[in-house]
Amino acid sequence: SLRDVPIRFVQGDATSELVERFGKESFDSVVDSFSFCVMGTQGAKNCLNQLAQVVKRKSDGGQILLLENARSSNPLLGLYQDGTAETAAAAGGKGCLYNQDVTRMIRETPGAEMIKETRYALGTIRGYQVQVS
């Protein structure tokens with residue numbers, strides 16, 4: 001039962017404060033959903049670097065679980081996203097740039113290993129399981 005599990009909510013900047021606040025390898029799992037698009041590309045990369053440092057290593061069962069907006073794997077839809085992402089973000093999309101290449105960001109994160117990528121809605125939404133070596 002979760003009734004006996006202590007839960008604490010902490011507000012902070014996931015692009016720069018996680019390691020300082022929680023320490024390295026301090027979480028078994030980290031879950032993030034639909035936030036990379038509002039962080040911008042550099043913010044999302046910084047966040048991934050922070051997540052990779054605070055989650056336990058693969059050998060200890062650590063994992064990062066992500067559900068994110070992404071650039072479609074369909075070429076025509078991807079071009080449409082590229083042409084409309086900034087306008088949509090400014091016009092009520094809460095700043096969400098929905099055409100980021102999250103897959104590449106993960107591959108470029110030091111130590112990160114993509115275990116699984118699942119595509120939904122023509123690849124515009126993707127789920128990722130990531131572990132850190």
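## Loop, salt bridges, pocket and patch in a predicted model

Leu122 sits in the loop between strand 3 and strand 4, where helices (H or I, at least four residues) and strands (E, at least two) are DSSP runs numbered from the N terminus. The model is predicted: local features need pLDDT of at least 70, side-chain atom pairs count only at pLDDT 80 or more, and totals for chains, interfaces and linings use all residues. Residues are numbered from 1 along each chain as its sequence is written, and side-chain values use heavy atoms, with hydrogens and water left out.

Leu122 has a positive phi near 60 degrees and is a residue other than glycine. Its relative accessible area is 57%, so Leu122 is exposed (buried means under 20% relative accessible area, exposed over 50%, partly exposed in between, with a 1.4 Å probe and protein chains only). Ala121 is found in the loop between strand 3 (112-120) and strand 4 (125-132). The phi of Ala121 is positive as well, about 50 degrees, although Ala121 is not a glycine. Most residues other than glycine have a negative phi.

**Salt bridges**

A salt bridge is a side-chain nitrogen of Lys or Arg within 4 Å of a carboxyl oxygen of Asp or Glu. By this rule the count is nine.

| Salt bridge | N to O distance |
|---|---|
| Asp82 and Arg71 | 2.8 Å |
| Arg104 and Glu108 | 4.0 Å |
| Glu117 and Arg126 | 2.7 Å |

Asp82 belongs to helix 3 (residues 75-90) and Arg71 to the loop between strand 2 (63-69) and helix 3, so their pairing ties together parts that are 11 residues apart in sequence. Asp82 is partly exposed, at a relative accessible area of 37%. Arg71 is also partly exposed, at 27%.

In the pair of Glu117 and Arg126, Glu117 counts as partly exposed at 24% relative accessibility, whereas Arg126 is buried with a relative accessible area of 7%. Elsewhere, salt bridges that share partners join Asp101, Arg104 and Glu108 into one network.

**The largest pocket**

A pocket is defined on a 1 Å grid over the protein atoms alone, as an open set of points where a 1.4 Å probe fits, with protein on both sides within 12 Å along at least five of seven lines; lining residues have an atom within 4 Å of a point. The largest pocket holds about 550 Å³ of space. Its lining consists of 19 residues, and Val10, Leu18, Phe22, Phe27 and Val30 lie nearest the centre. Helix 1 (18-22), strand 1 (29-33) and helix 2 (36-54) are the elements that give two or more residues to this lining. Strand 1 supplies the largest share, four residues.

By residue class, the lining has 11 nonpolar, three polar and five charged residues. Here Ala, Val, Leu, Ile, Met, Phe, Trp, Tyr, Cys and Pro count as nonpolar, Asp, Glu, Lys and Arg as charged, and the others, Gly among them, as polar.

**A nonpolar surface patch**

Leu2, Val5, Ile7 and Phe9 make a nonpolar surface patch of about 520 Å² (patch residues have over 30% relative accessible area and no salt bridge, with nonpolar side chains joined within 5 Å and like charges within 9 Å). Accessible areas come from the Shrake-Rupley method with a 1.4 Å probe. Of these residues, Ile7 is found in the segment before helix 1. Ile7 is exposed, with a relative accessible area of 62%.

Note on methods
Points joined across faces, edges and corners; volume = space filled by probe spheres on them.
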